[in-house]
Amino acid sequence: MQTLAQHLQQQAIPESLTQLLLTLADTSKSISQAVRHGALAGILGATEQENVQGETQKKLDVITNDMLKDALQASGHVRGLASEEEDYVVPVSDAGEYLVCFDPLDGSSNIDINSLVGTIFSVLPALQGELTEQSFLQSGRQQVAAGYVLYGPSTILALTVGKGVSFFTLNPDSGAFLLTQDDVQITKDTAEFAINMSNQRFWEAPMQTYIADLLLGKIGPREKSFNMRWIAAMVGDVHRVLCRGGIFTYPTDNKNPEKPYKLRLMYEANPMAFLVEQAGGKATTGYQSILDIQPEAIHQRVAVILGSANEVDTCLEYHAEDYSGDEPTL
Ligand code: AFP
């Protein structure tokens, strides 16, 4: 089986990007170890700190953020980084060619219940000039690589460098990431959806109608039964979509009018949208392709609807019909 390093050598990408991706993969092996040790290492539970988004940080959020930060700072290829757990962008090295945005441990509410968590990352080119937050505000189409590492029964790296999507499984005996699936393709059709149904009363009209029609199954306009899954970690839900199709959404809601969206653009939606499009799927807010959004802030949130192309198109039809022109602002 091909190793990650061998696979990257064949991708015709700059050596600096290969080295950066190997650094991210190596760090994820250490994160995988830490996650596996769980209570044995005394790293479960929360800290007393909050991140910039007002969320209580788990001990593992802080530990994994530090691991990635240290590794990227030592890599020599990173100009700056942005993380869910950092209030501001972090300058790294003037010589670095890349900017890295990451969520060190997505799904952190799953940590204490021994359920799926993962690391999500997005790599952007570093532009000339002083490094500021503005340097990071490039649309998702500018990404040169993106991926996630899912810490599940096995540790899996899903990666794109803009030439399709590949899965690598961590061999726990040798410590190598080995290519276990190349050219991942999301099925065009699906009978599975993922949404946090407890927010139903807060959704916009198009999503209310779309999900209601799915729930009607064979007796409704869709004339087929749908199944539902919700992992509460985007990394797990998107992995399922890549493996067997599906539609995943965290839509606009009015639970808290100051926060109409949940998922973060730069280190959740954009890297996942890049992977999904590279695997033949679609990723949208309901009104715009995620990858076309011009970011306005590093911790910006967006509505996300992604997955099997035909099902996302169907969902978009509901949005087109009901569109009032009043898309909520940030
Ligand atoms: P955290 O990593 O901050 O716990 O959030 C995970 C997440 O952003 C995303 O991965 C999930 O899809 C979503 O939140 C789950 O949200 P609910 O709490 O509404 O289930």
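I began with helix 2 (residues 15-37), which gives the most to the lining of the second largest pocket, with three residues. Helices here are DSSP runs of H or I of at least four residues, strands are E runs of at least two, and both are numbered from the N terminus.

I noted that the model is predicted, that local features need pLDDT of at least 70 and side-chain atom pairs pLDDT 80 or more, while totals for chains, interfaces and linings use all residues. Residues are numbered from 1 along each chain as its sequence is written, and side-chain values use heavy atoms, without hydrogens and water.

I then looked up the volume of this second pocket, about 260 Å³. A pocket is an open set of points on a 1 Å grid over the protein atoms alone where a 1.4 Å probe fits, with protein on both sides within 12 Å along at least five of seven lines; lining residues have an atom within 4 Å of a point. Points are joined across faces, edges and corners, and the volume is the space filled by probe spheres set on them.

The second largest pocket has 14 lining residues, with Val 35, Arg 36, Ile 111, Asn 114 and Ser 115 nearest its centre.

I turned to the largest pocket, whose volume is about 560 Å³. Its lining counts 31 residues, and Glu 55, Ala 232, Tyr 250, Lys 262 and Arg 264 are the closest to its centre. Strand 5 supplies the largest share of this lining, three residues.

I also recorded that domain 1 (4-181) and domain 2 (192-322), with bounds from an automatic or database domain assignment, each give at least three residues to the lining of the largest pocket.
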